[in-house]
Amino acid sequence: MECEYIKSNGKKCIAQTIKGDKFCFAHSSKPIIIEKRNNAKSLGGKNGRKQMLTPSKTIISLKNPNDTLTLLEQTINDVRQNKLAVNQANCIGYLCNIMSKIFEQQQVETRLAVLERVVLLERKKVNR
Ligand SMILES: [Zn+2]
């Protein structure tokens with residue numbers, strides 16, 4: 001059955017009624033439902049506040065792949081323990097991905113520099 005509530009815009013509410021009531025969960029005037037509704041709103045508010053990560057006083061250093069790995073590990077644990085909002089975890093994951101690409105590039109450049117030095121030395125030997 002559909003809720004009989006008429007909204008302020010004159011349209012009828014189309015939500016399903018709750019058992020033993022002619023109104024839906026949002027429009028019921030039964031005290032027990034009102035209490036449940038208020039509790040749900042309060043929980044919703046708490047979930048909303050969880051969107052922000054408690055500001056950390058420590059500044060973490062991410063100078064190498066291991067530091068990034070530690071941050072990822074911590075982030076995964078925070079999400080699993082419901083301490084961190086998924087969108088924040090996604091942001092950290094995204095930034096860690098960028099960092100890991102930078103580390104990869106630095107590693108390639110270091111190896112390339114070594115190879116270039118070796119090639120240069122070999123050329124000098126040949127030209128002697
Ligand atoms: Zn309704």
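The radius of gyration of the protein, taken over C-alpha atoms, is 30 Å, whereas a compact globule of 128 residues would have one near 14 Å, by a globule rule of 2.2 Å times the number of residues to the power 0.38. Along its principal axes the C-alpha trace spans about 100 × 35 × 25 Å. This is a predicted model, in which local features need pLDDT of at least 70 and side-chain atom pairs count only at pLDDT 80 or more, while totals for chains, interfaces and linings use all residues. Residues are numbered from 1 along each chain as its sequence is written.

The domain assignment, which is of automatic or database origin, gives domain 1 (1–49) and domain 2 (65–127), and the C-alpha centres of these two domains lie 51 Å apart. The secondary structure comes to three helices and zero strands, where helices (H or I, at least four residues) and strands (E, at least two) are DSSP runs numbered from the N terminus.

The axes of helix H2 (residues 65–80) and helix H3 (residues 86–127), which are lines fitted to C-alpha atoms over the stretch in contact, with angles running from 0 to 180 degrees between N-to-C directions, come within 10 Å and cross at roughly 165°. H2 and H3 are therefore roughly antiparallel to each other, a term for angles over 145 degrees.

Conventions. Angles under 35 degrees count as roughly parallel, over 145 as roughly antiparallel, 65 to 115 as roughly perpendicular and the rest as oblique.
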